[in-house]
Amino acid sequence: MAELVNSWEQPINTGEIPLNRSMFDAIVVGGGPGGSSAAGYLAMAGKSVLLLEKGLWPRDKVCGDAVGGKSLGHVKALGVKETLEKSPHFRVTGIKFSSPKGNTVRVALPEEDVQRLEAGYSLPRKQFDHLLFDKCQQLVRENGGKVIQNCLVTGVLFDDGEGGEDPGNGSGNRRHAKGVTVKVGGRKGEERTYYSTEIVGAAGYQCPVAKAVVRDSFDEVLVDNTHFCDGYREYWRNVKGCGDGVGDIEIHFVDSVVPGYFWMFPVSKDVVNVGIGMVVSLLQKEKKKLRLLQKDVIENHPLFKERFADAEMIRGSGRGWALPFGSPRKKAKHQPRRASMNGIRLVGDSASLVDPFSGEGVGNALVTGELAAKHIIDGKSPEEYQTEMWKILGPELTNSYRMQKLSRRKWLLNWFVGKASKKPEIQEMMTEMIASKEAQENLHSPWFMFKTLMF
Ligand SMILES: Cc1cc2nc3c(=O)[nH]c(=O)nc-3n(C[C@H](O)[C@H](O)[C@H](O)COP(=O)(O)OP(=O)(O)OC[C@H]3O[C@@H](n4cnc5c(N)ncnc54)[C@H](O)[C@@H]3O)c2cc1C
């Protein structure tokens, strides 16, 4: 047990660097949740994988740090759940919401999930990603693959020449990925080339593989500010009323922050991840700065200033990053965005799959990591990957987009949270929706919503 504590502060030994021009069954670019899971599942099926990661562990990742129930099946399947349970974390049992007017409502997570330890956690991504990457890199190496950290992937090679050339529409369909160019040792490192005809792009919203597909091969929009969100987080100690290792995470639709929201996610007994997020186009319109907005909420808002009175921010923890939402794009042929072409599948943030209402992206990164691996193993076409991905994630992403748009209206938030705070049936309905897909369908039914809200 002693060696488990803070094991995520330690370096990870990923073994020897493969020779230049080596060939693999699959190359996975990025070692976050999406890339680690894709590499782990491929390795478990006996594929030789090259897993490439720009960072050098231990490394941080800007996030709200909430790991929802959707992620936990994968955490278990990849063999990380037990280690995670033994390492410090905050067990989430419910979600508290507040409206611009200051009404609050608590939605309990499904009791059976909480009992089975399958409801959700929050813990620093530095820790979560370390545990996941470490396990998956072991799986990769045990199955004949290689792993390189501090390795910047700079481009994709295609069978009709170097990546990035010949970008014309249509011609992209005929190109087939055949490898990647990298710099081993970081930006100033040694240039190398590795080959595979199956590449998984999992390097987040600035993924070089996503650029090679969406922008360079098809001349389509990679970053759309109406579907991208800016997020800013800080870690705080000694915030009052944040549970003691078990309890609720909090989402607040604060008046000055709507159309965004302010979150407080405890990640351990005394540390809380505090942050704020807003869709980029709305942020630009409002001409606001997230850091200053957050400072104002913490120092002056009647619901929070007392809770932060004796609290202290952990120095250097204030950082921002983008969330590429999976909201459906208008008139796009591929939803939410093109996520595949010959020899390439994009997963997680690289495929723009963050939930546009909750901001959760870890679960969808793990889901698509597994899906991409399965499609490679089964020899399916890239087009089938795009279709199945949207079939699985499309309904809930579309639903969340509707919720996000509704949540931009202050009067509606005030009305809904006001009602929900007085009606246990609404709180139960929300718990049910977290628990079951069928219950989520009810959100599409205006009659169901009308009945529950009005009577
Ligand atoms: C402020 C904020 C709050 C959030 N809160 C939550 C939350 O509470 N819960 C939740 O589920 N999600 C949250 N998200 C979203 C979540 O962080 C992402 O959806 C998730 O990390 C996606 O995983 P991924 O593996 O696709 O990408 P990432 O986690 O971004 O991993 C990408 C990896 O690729 C590596 N990489 C990048 N470029 C290269 C390159 N050129 N070559 C090699 N490697 C490269 C990176 O170093 C990184 O390790 C939040 C995001 C932000 C910004």
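Q: How many bridges join β4 to β5, and which way do the two strands run?
A: In this predicted model, five bridges link β4 to strand β5 (residues 104-108), and the two run antiparallel.

Q: What about the turn in the hairpin of β4 and β5?
A: Count the residues between the strands, then look at the backbone angles. Here five residues sit between β4 and β5 in the hairpin, and Gly 102 takes a positive phi near 105°.

Q: Which sense does the pairing of β4 and β6 have?
A: Strands count as paired when there are at least two bridges between them. Strand β4 (residues 90-98) and strand β6 (residues 120-122) have two bridges, in the antiparallel sense. Look for Arg 91, which stands opposite Tyr 121 in β6.

Q: And how many bridges join β4 to β14?
A: Seven, and this time the strands run parallel, with β14 covering residues 246-252. Arg 91 turns up again here, opposite Val 246 in β14.

Q: Now the open sheet: what is the order of its strands?
A: Walk across the sheet from one side to the other and name each strand as you pass. You get β7-β2-β1-β12-β20-β19, six strands with mixed pairing. At the edges are β7 (146-148) and β19 (340-341), each of which pairs on one side only.

Q: How do β12 and β20 run, and how many bridges join them?
A: They run parallel, and three bridges join β12 (residues 199-201) to β20 (residues 344-346). A handy landmark is Val 200, standing opposite Arg 345 in β20.

Q: Stepping back, how many helices and strands does the chain have?
A: There are 14 helices and 20 strands. The C-alpha trace spans about 65 × 55 × 40 Å along its principal axes.

Q: Why does the radius of gyration agree with a compact globule?
A: You compare the chain's value with what a rule gives for its length. For 455 residues a compact globule would come out near 23 Å, and this chain has 22 Å, so the two agree.

Q: What share of the chain is buried?
A: Of the 455 residues, 47% count as buried. The largest nonpolar core has 120 residues, and those that touch the most other members are Ile 27, Val 28, Val 29, Ala 38, Val 49, Leu 52 and Val 209. Helix α9 gives this core its largest share, eight residues.

Q: Which residues does Ala 38 touch?
A: Leaving out anything up to four places away in sequence, Ala 38 touches Val 28, Val 200, Ala 202, Val 347, Gly 369, Ala 372 and Ala 373.

Q: Which residues are closest to the ligand?
A: Of the 38 residues around the ligand, the closest are Gly 32, Gly 64, Gly 231, Gly 348 and Gly 361. The elements giving two or more residues to this shell are α1 (33-44), β8 (151-158), β13 (228-237), β18 (319-324) and α9 (362-377). By type, the shell holds 16 nonpolar, 15 polar and seven charged residues.

Q: Is Ser 352 buried or exposed, and why?
A: Count the C-beta atoms within 10 Å; 20 or more others make a residue buried. Ser 352 has 29, so it counts as buried. Ser 352 lies in the loop between β20 and α9. Beyond its neighbours within four places in sequence, Ser 352 contacts His 227, Pro 324, Phe 325, Gly 326, Pro 336 and Arg 337.

Q: What is the phi of Asp 219, and what is that of Lys 287?
A: Asp 219 has a positive phi of about 55°, though it is not a glycine. Asp 219 sits in the loop between α6 (208-217) and β13, and is exposed because 12 other C-beta atoms lie within 10 Å. Lys 287, also not a glycine, has a positive phi near 50°. Lys 287 is in the loop between α7 (280-286) and α8 (290-300), and with 6 C-beta neighbours inside 10 Å, Lys 287 counts as exposed.

Note on methods:
Residues are numbered from 1 along each chain as its sequence is written. This is a predicted model: local features need pLDDT of at least 70, side-chain atom pairs count only at pLDDT 80 or more; totals for chains, interfaces and linings use all residues. A residue is near a molecule or strand if its C-beta atom, placed from the backbone, lies within 6 Å of it. Helices (H or I, at least four residues) and strands (E, at least two) are DSSP runs, numbered from the N terminus. Ala, Val, Leu, Ile, Met, Phe, Trp, Tyr, Cys and Pro count as nonpolar, Asp, Glu, Lys and Arg as charged, and the others, Gly among them, as polar. A nonpolar core is a set of buried Ala, Val, Leu, Ile, Met, Phe, Trp, Tyr and Cys residues joined through C-beta atoms within 7 Å. Two residues are in contact if their C-beta atoms, placed from the backbone, lie within 7 Å. The radius of gyration is taken over C-alpha atoms; the globule rule is 2.2 Å times the number of residues to the power 0.38.
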